[in-house]
Amino acid sequence: MLGIVKLAEHNVLERIKQGDEKMLVHLYKEHYTMVKNFILKNSGTEDAVDDIMQDSVIAVWKNVNKPTFLLQVKLSTYLMAIAKNLWFKELKKKSRFKIV
């Protein structure tokens, strides 16, 4: 995976801050299975997994670049929390628009 064995989280975050797009791809691939398993177990589809994963990585990228950003949990925990929140928001939105 991009020749990256296991980068320390602070290195990944630093490289994201520096604009290294490879780190965003790394983040996506590294955590895809975890997010996929969660979404598929909670009424999701493969397409939903891709959408939520992309939105989650974008959210991490935006947040990491904020001057006040301070990661206080593991990066995987942080990304998963974002993915879960996005997925629950999506489920809530879908439940409001059910066709009768």
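**Exercise 1. Find the salt-bridge partner of Arg 15 in this predicted model, and state the N to O distance.**

Solution. 
- Step 1. The side chain of Arg 15 meets that of Asp 20.
- Step 2. The N to O distance is 2.8 Å. A salt bridge needs a side-chain nitrogen of Lys or Arg within 4 Å of a carboxyl oxygen of Asp or Glu, so the pair qualifies.
- Step 3. Arg 15 has 30% relative accessibility, so it counts as partly exposed.

**Exercise 2. Determine how many salt bridges the structure holds, and describe the one formed by Lys 17.**

Solution. 
- Step 1. The total is 4 salt bridges.
- Step 2. Lys 17 pairs with Glu 14. Their closest N and O atoms are 3.9 Å apart.
- Step 3. Both residues belong to helix α1 (residues 9-17). They sit 3 residues apart, about one turn of the helix.
- Step 4. Lys 17 is partly exposed at 41% relative accessibility. Glu 14 is partly exposed too, with a relative accessible area of 39%.

**Exercise 3. Characterise the packing of α3 and α4 by angle, axis distance, handedness and contact residues.**

Solution. 
- Step 1. The angle between α3 and helix α4 (residues 75-96) is about 125°, and their axes lie 9 Å apart.
- Step 2. Roughly perpendicular ends at 115 degrees and roughly antiparallel starts over 145, so α3 is oblique to α4.
- Step 3. The crossing of α3 and α4 is right-handed.
- Step 4. On the α3 side, the contact residues include Ala 48, Ile 52, Met 53, Val 57 and Val 60. On the α4 side, they include Leu 75, Tyr 78, Leu 79, Ile 82 and Trp 87.
- Step 5. Sort the contact by class: 13 nonpolar, 2 polar and 1 charged residues.

**Exercise 4. Locate Ser 43, and say what its phi is and whether it is buried or exposed.**

Solution. 
- Step 1. Ser 43 lies in the loop between α2 (21-41) and α3 (46-64).
- Step 2. Its phi is positive, about 65°, although Ser 43 is not a glycine.
- Step 3. The relative accessible area of Ser 43 is 63%. Exposed means over 50%, so Ser 43 is exposed.

Terms used:
Residues are numbered from 1 along each chain as its sequence is written. This is a predicted model: local features need pLDDT of at least 70, side-chain atom pairs count only at pLDDT 80 or more; totals for chains, interfaces and linings use all residues. Side-chain values use heavy atoms; hydrogens and water are left out. Helices (H or I, at least four residues) and strands (E, at least two) are DSSP runs, numbered from the N terminus. Buried means under 20% relative accessible area, exposed over 50%, partly exposed in between (1.4 Å probe, protein chains only). Axes are lines fitted to C-alpha atoms, for helices over the stretch in contact, and angles run from 0 to 180 degrees between N-to-C directions. Angles under 35 degrees count as roughly parallel, over 145 as roughly antiparallel, 65 to 115 as roughly perpendicular and the rest as oblique. A crossing is left-handed if the near helix is turned anticlockwise from the far one by less than a right angle, and right-handed if clockwise. Contact means heavy atoms within 4.5 Å. Ala, Val, Leu, Ile, Met, Phe, Trp, Tyr, Cys and Pro count as nonpolar, Asp, Glu, Lys and Arg as charged, and the others, Gly among them, as polar.
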